[in-house]
Amino acid sequence: FFRHADNHSLSAASGPAMAARVVQLSSASDVDQALMNETERLIVIRWGYDADPLCKETDKIMESVSKACINKAVFCTVDVKEVPDFTVEHKLYDPYTIMFFYNQKVVKITTNSSFEKYIDALFPMSEKFLTQAVEDTFKRISSKKR
């Protein structure tokens, strides 16, 4: 089970019918389970420090975008202070880093005119930008499944 910021339990297998929300993953095991259990949608993970103002702002954007993209992505946050296990592997040294996963693998994110392994604080984060990145990446991944 994963915890939403309001401490309500949320099963990883809840599926698209669940309410849109950003899920707080509080352990390496939570991260692994989220990546293993979701087979239809992207997993969008914001790695960073929950108390950081940039993370808080990004989390609000993710919460808003999660409603529009509920059938395409599951949005999660990981506090790297609480869960440092992935810091070296994914080079998580910026105030925040957003990565997309599909079928337990990192997928390149489709941005305006390029493909990126991650989105960090250097990108102009907005609801429009993140929504477009999710939609374009999901579309690209979906076309490869056929």
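**View 1. Lysine 91 in the loop between helix H3 and strand E6.** In this predicted model, lysine 91 sits in the loop that joins helix H3 (87-90) to strand E6 (96-102); helices (H or I, at least four residues) and strands (E, at least two) are DSSP runs, numbered from the N terminus. Have a look at the backbone here: phi of lysine 91 is near 55°, a positive value in a residue that is not glycine. Most residues other than glycine have a negative phi. Lysine 91 counts as exposed because its relative accessibility is 59% (exposed means over 50% relative accessible area, buried under 20%, partly exposed in between, with a 1.4 Å probe and protein chains only).

**View 2. Asparagine 103 in the loop between E6 and strand E7.** Asparagine 103 is not a glycine either, yet its phi is positive, at about 50°. With a relative accessible area of 41%, asparagine 103 is partly exposed.

View 3. The protein chain holds 4 helices and 10 strands, which follow one another as β-β-β-α-β-α-β-α-β-β-β-β-β-α. Of its 146 residues, 48% are buried. Among contacts (heavy atoms within 4.5 Å) with a separation of 6 or more, 67% link residues 24 or more positions apart.

**Notes for all views.** Residues are numbered from 1 along each chain as its sequence is written, and side-chain values use heavy atoms, leaving out hydrogens and water. Local features need pLDDT of at least 70 and side-chain atom pairs count only at pLDDT 80 or more, while totals for chains, interfaces and linings use all residues.
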